[in-house]
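Trainee: Could you walk me through how to read a model like this one? I'd like to begin with confidence.

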There are 2 protein chains.
Amino acid sequence: MEQPRILIVDDESRMRKLVKDFLVRKGYEVLEAGDGVEALDIFYAEKQIDMLILDVMMPRMDGWELCKEIRKTSRVPIIMLTARGDERDELLGFQLGVDEYISKPFSPKILVARVEAILRRAGGAAGEEKIEAGGVVLDKTAHTVAVDGKAVDLSYKEFELLEFFMENQGIALSREKILNGVWNYDYFGDARTIDTHVKKLRSKLGDKGDLIHTIWGLGYKFEAGE
Amino acid sequence: MEQPRILIVDDESRMRKLVKDFLVRKGYEVLEAGDGVEALDIFYAEKQIDMLILDVMMPRMDGWELCKEIRKTSRVPIIMLTARGDERDELLGFQLGVDEYISKPFSPKILVARVEAILRRAGGAAGEEKIEAGGVVLDKTAHTVAVDGKAVDLSYKEFELLEFFMENQGIALSREKILNGVWNYDYFGDARTIDTHVKKLRSKLGDKGDLIHTIWGLGYKFEAGE
DNA sequence: GATAAATATGATAAAAATGTGAAAAGCTCA
DNA sequence: TGAGCTTTTCACATTTTTATCATATTTATC
C-alpha cells in the first residue's frame with residue numbers, strides 16, 4: 001500500500017477539512033464526500049479506497065446505511081465518527097461491520113493513531129514511522145520517500161542524508177556534523193562529497209529541492225516553514 | 001472457511017449480545033438461539049455451523065442435553081459456558097464431547113482466544129490462516145501458495161521466506177532481519193544465501209516475482225500496492 | 001565591479017552490492 | 001547406501017551507488 005487512500009464522508013465541510021488536513025500531513029491521500037450517496041459514487045468510481053471515515057449524522061443517507069451498503073461488497077476498513085459515548089450505537093455498528101469508533105470531539109492524535117492501527121491490522125503497510133515536512137514524506141519503515149504524494153527513488157545514502165536533514169529540521173548543519181551523522185566514523189574522504197549528494201537530492205526532490213538551504217561558509221539546513 | 005459461522009445459545013439475550021459483539025468484531029458470523037430447542041432448529045436448518053457456544057443453564061433443554069443431541073449427528077466444536085469452577089460438570093461434559101469450557105464471568109480476550117484455538121485445532125478447513133497480497137495467496141495452514149489462483153510449489157525455506165515477506169509487507173527488511181526472522185538464531189552462514197532464495201522465489205512467483213523489491217544497500221521489501 | 005572563497009555541476013572513475021548459474025554440502029527416504 | 005531433493009556456498013557478471021575531480025557558477029567583501 002504505497003500511499004493509503006482514505007475517503008472522508010461528512011456533511012460538514014469544516015469537519016472534512018479538519019480531518020483531511022491531519023491525514024494529508026501524515027502522508028495519506030484523502031478524498032471527500034458530503035453525503036452517503038456521493039460517497040458511494042466515489043467509492044465505486046475511484047480506484048482502490050483503503051479506508052472510509054464516516055460521520056453518523058448525514059442527510060440523504062446516514063453513516064449506518066452507508067456502512068451497510070458498502071459491506072455488501074467490501075470489507076474495507078470503516079471508522080465511524082459519533083457523538084460522544086453512545087454505546088448503544090457502537091454495538092449496532094460492530095454488527096454492521098464498523099471497525100472503529102471515534103467520538104467527537106476528538107484529538108488529531110487519536111484520529112491518526114486509530115487510522116494507523118487499523119491500516120496495520122488490515123494487513124497493509126502502516127505501523128510506519130514517518131517524518132513529514134513541507135510536502136516531503138519520509139517513511140523509515142518502508143524506506144520510501146514521497147514528494148507531494150508522488151514516490152521518489154533515492155539511493156541508500158541519499159535516503160540517509162535526507163533522513164538526517166529531516167530529523168534536524170531548522171538546524172544549520174556543518175559538513176562535519178553531516179559527515180558524523182550520516183557517514184561511518186571510519187570515513188576520511190572529502191567532505192565535498194556531501195555537496196554532490198545534496199545536488200542529487202535537490203534534483204530528485206524537484207520543487208521541494210530548495211527545502212535544503214545552503215548556508216554559506218557553514219553547510220546546509222533543511223527547512224520547510226518560511 | 002472464509003468466515004466461520006458460530007451459533008451462540010443462551011437464554012439471556014444480554015449475554016448473547018455480549019458474546020456476539022466480540023466475535024463479530026473478530027470477523028465471525030454469529031447466529032443466536034434463546035434455548036436448546038431453538039438451537040437445534042437453527043443448527044439443522046441453517047447451512048454449515050462451525051461452532052456452538054452453549055450456556056449450561058437454559059429452560060426447556062439445557063446445555064448438556066443439547067450437547068448430547070448434537071453429538072448424535074455431528075462433531076462440530078462445542079464450547080460450554082459454565083458457572084465458575086464446577087469441576088464435576090466439566091468431567092461430565094468432556095464425556096459428552098464438549099471441546100472447551102469457559103467459566104463465567106469471562107473476559108472477551110479469553111473467549112476469543114478459546115474460539116480461535118478450537119477452530120484452529122478443528123483442523124481441516126477451520127481456523128485457516130491466509131495472507132493475500134497482489135494476487136499471491138499464502139495459506140499457512142495448508143502450507144501452500146497460489147499465484148493468481150494457480151498453485152505454486154515452494155520448498156520449505158522458500159515458503160518461510162515468502163511468509164516472512166508477506167507478514168511484513170511494505171517494510172524494508174535488512175538481510176539481518178530476514179536472517180533473524182526466517183533462519184534459526186544459530187545460523188551463522190552467509191547472508192548472501194538469502195539472495196539465492198530470493199532469486200528462486202522470484203522466478204517461482206512468475207509475474208508476481210517483482211512484488212519482492214530490492215532495496216539497494218539494505219535488503220528487500222515485499223509490496224503489492226503501487 | 002573585481003576578487004577571493006565557497007558552492008554547484010557534470011563527467012568519470014572506483015567501489016560496493018546484487019543477480020546468476022553451477023557446484024558442493026546436507027537431508028530424507030526407500 | 002544412493003537417488004533425489006533442498007539448502008548453502010562460491011565465483012563471476014552485472015548493475016547501482018558512491019567518491020573524486022575539474023570546471024562553472026555563485027556569494028561576500030572590498
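Mentor: Happy to! This is a predicted model, so let's start with pLDDT, the predictor's confidence in each residue. In chain A, helix H8 of chain A has the highest confidence, with a mean of 95, while helix H4 (residues 87–96) of chain A has the lowest, at 58.

Trainee: What is the mean pLDDT of chain A?

Mentor: The mean for chain A is 81, and 81% of its residues reach 70 or more. Take care with residues 124–128 of chain A, where pLDDT stays under 50. For that stretch the model has 18 contacts beyond four places in sequence.

Trainee: Now, how do I describe two helices that pack together?

Mentor: Two packed helices are described by the angle between their axes and the distance between the axes. Here, helix H6 (residues 156–167) of chain A packs with H8(A) at an angle of about 85°, and the axes are 10 Å apart. Angles of 65 to 115 degrees count as roughly perpendicular, so H6(A) is roughly perpendicular to H8(A).

Trainee: Which residues of H6(A) meet H8(A)?

Mentor: A:Lys157, A:Glu158, A:Leu161 and A:Leu162 do, and their partners in H8(A) are A:His197, A:Lys200, A:Leu201 and A:Lys204.

Notes:
Residues numbered from 1 in each chain as written. Chains lettered and ligands numbered in written order. Predicted model: local features only at pLDDT ≥ 70, side-chain atom pairs only at ≥ 80, totals over all residues. pLDDT = per-residue confidence, 0-100. Helix = DSSP H or I, 4+ residues; strand = E, 2+ residues; numbered from the N terminus. Contact = placed C-beta atoms within 7 Å. Axes fitted to C-alpha atoms, helices over the stretch in contact; angles between N-to-C directions. Parallel < 35°, antiparallel > 145°, perpendicular 65-115°, else oblique.
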